[in-house]
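Open the model in your viewer and keep the selection tool at hand. Each stop below tells you what to select and what you will find there.

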Amino acid sequence: MLIGAIEGGGTKFVCGIGTEDGKMLERVSIPTSSPEATLDEAMAFFEGKGIGAIGIGTFGPIVVDPRSPDYGSVAATPKPGWSGYRIIDHVKLRFDVPVGFDTDVNAAALGEATWGAAAGLGSCLYMTVGTGIGAGAVSAGRLVRGLTHPEMGHITVRRHPEDRFAGSCPFHGDCFEGLASGPAIERRWGMKASELALDHPAWEMESDYIAQALIQYILILSPEKIMLGGGVMNQSHLFPTIRDKVRARLNGYVEHPALAADIDSYIVPPALGGSAGLSGALALAVQAASSPLAKGR
């Protein structure tokens, strides 16, 4: 069975066609414009290709509770025209197939758990640090959801003693995303992350905020593997500093080799690289196709 996958982002939608074992056969990138135009172009890409299921991992916030009358829609978002838009309904108008639906970061976590760095493990956490900060988690083999999807980018972290930046989050100011996202770095220092020198003081501050957040996730979720992706994490020199700070701040409280001698293999880049989200959307489609509801269609 061929499967459709959509990774929906604020600037582009990446669509792919793959197989149930995770092999991606074809992909296309579509600029994000209005929801109707963007999704129409995505559906045209899948047309006539024998798609048996579609998985969607998209920017949020979104409604992921299947019991909600608004399931499959975008919640309040600053992206013009997208608030309240019913993505699944749009897809179903063109394709009468099972549809898997979740956030882009949850999809990436599932992709890494299925075919990437966390394959074979029961739990993991994927975090992206870029235009925004978000994280998805797998626990006991299942994506973590509750009242809605996790919003781990908006936790509170302790302000670095040398940081006077007010924060860039329009909702919370100096939350984790407001202090450590790509736009926060650029507004604080007047340069994009990719333009900063390796010895710039920004990296001490950035690694401290990321380490603080990871400690909270480790203490609450106890993931067996952590993957850090997104544009800011393309600065690979951050990884050793983040690992050192996580180990130092935990101070031996959680005793496990993964948090001590093996930490280089515990906090890692995504094995699927920039394809983690699209591969995860493929995995969402596989799950949707294998659900009891799908089998009873």
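Select Trp115 first. Trp115 lies in helix H3, residues 104-115. Helices here are DSSP runs of H or I with at least four residues, strands are runs of E with at least two, and both are numbered from the N terminus. This is a predicted model, where local features need pLDDT of at least 70, side-chain atom pairs count only at pLDDT 80 or more, and totals for chains, interfaces and linings use all residues. Residues are numbered from 1 along each chain as its sequence is written, and side-chain values use heavy atoms, with hydrogens and water left out.

The cut-offs: buried is under 20% relative accessible area, exposed is over 50%, and partly exposed is in between (1.4 Å probe, protein chains only).

Contact means heavy atoms within 4.5 Å.

Go to Thr32, in the loop between strand S3 (24-31) and H1. Thr32 is buried, since its relative accessible area is 13%. Beyond four places in sequence, its contacts include Gly9, Gly10, Lys79 and Trp82.

Next, the rings. Rings of Phe, Tyr and Trp (its six-membered ring) pair if their centres lie within 6.5 Å; planes under 30 degrees apart are stacked, over 60 edge-to-face, the rest tilted. There are six aromatic pairs by this rule. Select Phe46 and Phe95: they pair edge-to-face, 6.4 Å centre to centre, with 80° between the planes. Phe46 sits in helix H1 (residues 35-46), and Phe95 in the loop between helix H2 (87-94) and strand S5 (99-103), 49 residues apart. Both Phe46 and Phe95 are buried. Then select Phe13, Phe59, Trp82 and Tyr85, a cluster linked by ring pairs.

Finish on two helices. Select H5 (residues 182-189) and H6 (residues 202-221): their axes come within 12 Å and cross at roughly 145°. Axes are lines fitted to C-alpha atoms, for helices over the stretch in contact, and angles run from 0 to 180 degrees between N-to-C directions. Ile185, Arg188 and Trp189 of H5 meet Ala202, Met205, Glu206 and Tyr209 of H6.
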